[in-house]
Amino acid sequence: SLTAISGQSEVSDGLTDGLVEIEATDNKIDTLIDEEDLVGVFGQEPEFLQDESETSGARRGTLMHEALQWLPLQSYTKKALGEALDGLVMAGHIKADERSVIRDYELWRFYQSDLAKRMRQSSRLEREFPFSMLWKANQLYPELDDTEDLFLQGIIDAAFIENGAWVLVDYKSDRVKEGETLRERYGVQMRLYKAALERLTQVPVKEVIIYSLALGQEVPVTI
């Protein structure tokens, strides 16, 4: 997830799936960013602009991310994965009435992927890696003054060391037809994550990957 705070207003992409939520202490949120900018930078419309089906899809995406957060990173049979997901309900990580919303097959496909194998083989794997940093506001929103800073807070889904450098991974559950849509939608977000990870760890990022749960494929992002 990614949150940008400027002055009294906050723009957030929600729970790791691009959903934008807005909180403000006054009625001047439109002075920070308009609706079109929200879609362009954070990937999806704010919840108040979405219809019910879109919001339901965002909730499914949140649950998929929670499952990826809590499940051990190992290879599963389909039966074993189902049992592991049921175990998340028993442990209280997921509510019983939410279990049916999770798409087991998409998760199983990820755990069988080459990317998951690379992650398992790494000497260092970070999941749900939080960060915060100051960023020049006009690097994101050109209409803002170059003297204004944004305070960015986010959580990187996963990052692992391979040959002495980071590989940054972000899971997306958007229902898209091709990976290029995700690359265009989240490219800015991924570049911010890369900058944050390098700044905090002083280790270079050699590769940025969006993993599409819907497509079951890696979408490399140019860095």
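Helices (H or I, at least four residues) and strands (E, at least two) are DSSP runs here, numbered from the N terminus. The model is a predicted one, so local features need pLDDT of at least 70 and side-chain atom pairs count only at pLDDT 80 or more, while totals for chains, interfaces and linings use all residues. Residues are numbered from 1 along each chain as its sequence is written, and side-chain values use heavy atoms, with hydrogens and water left out.

Leu73 sits in the loop between α2 (52–70) and α3 (78–90). With a relative accessibility of 17%, Leu73 counts as buried (under 20% relative accessible area; exposed is over 50%, partly exposed in between; 1.4 Å probe, protein chains only). Beyond its neighbours within four places in sequence, Leu73 is in contact (heavy atoms within 4.5 Å) with Phe110, Tyr111, Ala116, Met119, Arg120, Leu125 and Arg127. Tyr111 is 38 residues away along the chain, yet the two C-alpha atoms are separated by 7.2 Å.

Now for the cores, meaning sets of buried Ala, Val, Leu, Ile, Met, Phe, Trp, Tyr and Cys residues joined through side-chain atoms within 4.5 Å. The largest nonpolar core has 29 residues, and Leu168 and Leu197 touch the most other members. Two or more residues each come from β4 (125–136), β5 (149–162), β6 (165–172), α6 (179–201), β7 (205–212) and β8 (217–221), with α6 giving the largest share, seven residues. A second, separate core of 26 residues includes Ile94, Phe160, Val167 and Tyr171.
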